[in-house]
Amino acid sequence: MSEYFQTAGSSSPAPPIPYISRRSPYYARSYMACTSQTLATSVATKILQKGGNCVHASIAAAAVLAVIEPCSTGIGGDMFCLIWNDSKKSVQGLTGCGRLPTSASLSTLPSTFSITSPTRSGKFNANMVTVPGAVRGWWDLYTRYCTSTSPDCLPGTEYSMLELLKPAIDMCRDGVPISGPIT
């Protein structure tokens, strides 16, 4: 577990922060990831340090955040991502929104969500609930940007999805310290 608590970069001491902050600073050279929690940032920067790409780091950080900040981000929500593809000189996006139930179809949706029916109000209809899309979004990102067979594959060391999720799995099993902003 202690491997996730080390600061990335050189072994020299970090410079003092010239302002007051409630957040823990994180220092690295040649790469950086920013999250709301130091543990997630640590996992992401370690992946970058070992040659992973930005999508590897993002998936791993998101999984860790799902463990240590379940009320803010997690597997029960959605995921949205913008990626700069340097080889194509373009921004590409991926939306990991929840899918509708399999029984939904274009022909049944207008009557199902009719706001004129008092028993099937669009505002309170159970059919309005979608399946959380975060985990599927992580998988879609991985298959599009992290597999060598994809035309959009970003450069970097190859990681399996299990390797990216391992830090979060370890934290679930071993526990994590609670930081100041959470308490």
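Author: What follows is a set of questions about the terms used for this chain, with answers that set each value against its definition.

Author: This is a predicted model, in which local features need pLDDT of at least 70 and side-chain atom pairs count only at pLDDT 80 or more, while totals for chains, interfaces and linings use all residues. Residues are numbered from 1 along each chain as its sequence is written, and side-chain values use heavy atoms, with hydrogens and water left out.

Reader: How do you know how many helices and strands the chain has?

Author: Helices are DSSP runs of H or I with at least four residues, and strands are runs of E with at least two, numbered from the N terminus. The chain has five helices and two strands, and along the sequence they follow the pattern α-α-β-β-α-α-α.

Reader: Why is the contact between D86 and K89 called a salt bridge?

Author: The term requires a side-chain nitrogen of Lys or Arg within 4 Å of a carboxyl oxygen of Asp or Glu. The closest N and O atoms of D86 and K89 are 3.1 Å apart, so the pair meets that rule. Side chains of opposite charge can pair when their charged atoms come close.

Reader: Where do R136 and D140 lie, and why is D140 called buried?

Author: Both R136 and D140 lie in helix α4 (residues 134-145), four residues apart, which is about one turn of the helix. Their side chains meet in a salt bridge, at 2.8 Å from N to O. D140 has a relative accessible area of 16% and is therefore buried, while R136, at 46%, counts as partly exposed.

Reader: Is D152, which meets R144 in a salt bridge, buried or exposed?

Author: D152 is buried, because its relative accessible area is 10%, whereas R144 counts as partly exposed at 27%. The salt bridge between their side chains spans 3.1 Å from N to O.

Reader: Which residues are linked in a network of salt bridges, and how many salt bridges are counted?

Author: K166, D170, R173 and D174 are linked in such a network, and the count by this rule comes to seven salt bridges.

Notes: Buried means under 20% relative accessible area, exposed over 50%, partly exposed in between (1.4 Å probe, protein chains only).
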